[in-house]
Amino acid sequence: MTHSNDFDVLVVGGGHAGCEAAAAAARRGARTALLTFDAMQIGAMSCNPAFGGLGKGHLVREIDALDGLMARAADAAAIHHRMLNASKGAAVRGPRIQADRKRYRAAMQELIAAQKGLTVIEGEAAALLLDGDVAVGLRLADGRALHSRAVVLATGTFLGGRLFRGEERLVGGRISEQASSELAGQLRALDLPMARLKTGTPPRLDGRTIDWGALDEQPSDGGGWTMSALTPRRVCPQLSCGITRTNARTHDIIRTAMNRSPLFSGDIEGRGPRYCPSIEDKVSRFADRDGHQIFLEPEGLDDPLIYPNGISTSLPTDVQIAMIRSIAGLERAEIVTPGYAVEYDHIDPRALDSRLALRAIPGVFCAGQINGTTGYEEAGAQGLVAGANAADHALSVEPLSLERSDAYLGVMIDDLVLQGVSEPYRMLTARAEYRLQLRADNAEVRLGAIAMRLGLMSDERRCHFDANARARSVAAELGRREYRSTELQAYVPDLRDDGARRSMSEWVRFPRVGADVVRAMDPQFAALPDAVVEEFVEEGRYAPYVERQQSEIRAVSANAAIKLPETIDYSMIGGLSTEMIERLNAARPENLGAAERVRGVTPAAIAAILVYVQRLTKAAA
């Protein structure tokens, strides 16, 4: 079958950002092409075999609520489930699964193949096609030209990618795969603000050579929770992880070989992720520690490979072997693929607007590690936003715009485009000031209506959303029914009788009045889906705090929505320091609220900007 070379949206890269971008654009009705080096590598997991975690799990659930692909593919491959912070409040719990690599990749490729309006093309993007300063397509390395109204760059670690392992130097974005070097050269030649970042991966071990009996075991969580609201139950057998630690001998081996590490020799200029440092970084920075924990994570049900989470490294292979065999349980372990570091180009995300559109080249959108982030979840979430907005650019439909109070996705994009990055950005629950209302369990409630309005919802998702909305409405009505404490004492014996009548929405704020009590008290509640009842309980518990936060948001929004002209010259505003002017010019905030969030900009500076904009508006009138 032949395809036209004319599209509405072209997406470069078949990783997590590219898959979500291409699918989102196609769901909105854009004729979309996904360009990748190798179609068989679409959805490949480059590093750890896991999705979710603290902050990251929220992003996966938000991708799912906007009808993205990641959560469904993860559920199809999930071989280990873990709810992080399970003993804490729902706002900071982080669902995390480990995935069978082969099954995840197969599931993602199946979802991509089933997406209407989406064509997969194999090839290398050599350059943007430009009409003046406007992107109109791509030139491929083999000479082909693909034309489009919008282009999404989701190049991952492949943009100018170089691999480092001891004295070894390779060109590539992943081991045994090529880099996107010509496109990187063009972007630099266009004088875009670019820099280098680095990430790394640990050696892969042969699980058949590990002494599992010497290790602590971490089993998969019980229960039936899944990543996607569309997944009714877990489908894969569950595996346990092993836990071990580095030790003084391990650290001595690493210290002795530091001079052979490209991280410390100066060969790598890019900065790595603070929250996922290499084992060399850990030993150097935390010299007083006698060990670092390692999780031995299976990579598949029928794959002997083990991912030793916690010892990312770019040390030479011989040092890696000695290091591994100094660790309890790994004395005879065989390394299948040694670890390595990868350094790659990224664009300063302050060159983007909140749609993830590159201001300097209309029609270009960026998502994932090209924006200075790390992690599958951050990439996929950006990809969805970039793809949805590339479709908006091509078809003149409504843009997808999320505030910090709407979603972790909004927090991440706001952080990136206003603050920029000095190291790979990782999502954390601590970054969200409104996290009490941005819970992983209520992502569909927060974002489902937005997905429906923007045409991001498939028919299957719409049916599910409508059914759950009806169930939530029933739960809300049932929640208004009032009870005395004596009526609940059969299920909560130590509940004090104060004679008051309270609605069930209020009773769930009391200790030990949980979903089981709610179901027992009312058979109509028991007939509702478990997820809806549990969501009802959490909504009731958090309601007073969320109402307080909503008041804060309304107060902050009073002046925050005042638009700032794109052409504003901050050097013309009195009272702004040189540093403030530089940061504001780099970020180009779209409104006063965004300007207030630029690092180093003081309340006095915001007042000066407000006065200046009011004068401009008055003069224009």
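**Exercise 1. Find how many aromatic pairs the structure holds, then classify the one formed by Phe37 and Phe158.**

Start with the count: this predicted model holds five aromatic pairs. Rings of Phe, Tyr and Trp (its six-membered ring) pair if their centres lie within 6.5 Å; planes under 30 degrees apart are stacked, over 60 edge-to-face, and the rest tilted.

Next, take Phe37 and Phe158: the centres sit 6.0 Å apart and the planes meet at 55°, so this pair is tilted.

Now place both rings. Phe37 is in the loop between β2 (32-36) and β3 (50-52), Phe158 in the loop between β9 (145-153) and β10 (162-165), so to speak 121 residues apart and linking distant parts of the chain. Strands here are DSSP runs of E with at least two residues, and helices are runs of H or I with at least four, both numbered from the N terminus.

Last, check cover. Buried means under 20% relative accessible area, exposed over 50%, partly exposed in between (1.4 Å probe, protein chains only). Phe158 is buried at 13%, while Phe37, at 27%, is partly exposed.

**Exercise 2. Which residues does a ring cluster link?**

Ring pairs join Phe51, Tyr104 and Tyr376.

**Exercise 3. Is helix α3 mostly covered or mostly open?**

Look at residues 70-77: seven of the eight are buried. Those are Met70, Ala71, Arg72, Ala73, Ala74, Asp75 and Ala77.

**Ground rules.** Numbering starts from 1 along each chain as its sequence is written, and side-chain values use heavy atoms, without hydrogens and water. Local features need pLDDT of at least 70 and side-chain atom pairs 80 or more, while totals for chains, interfaces and linings use all residues.
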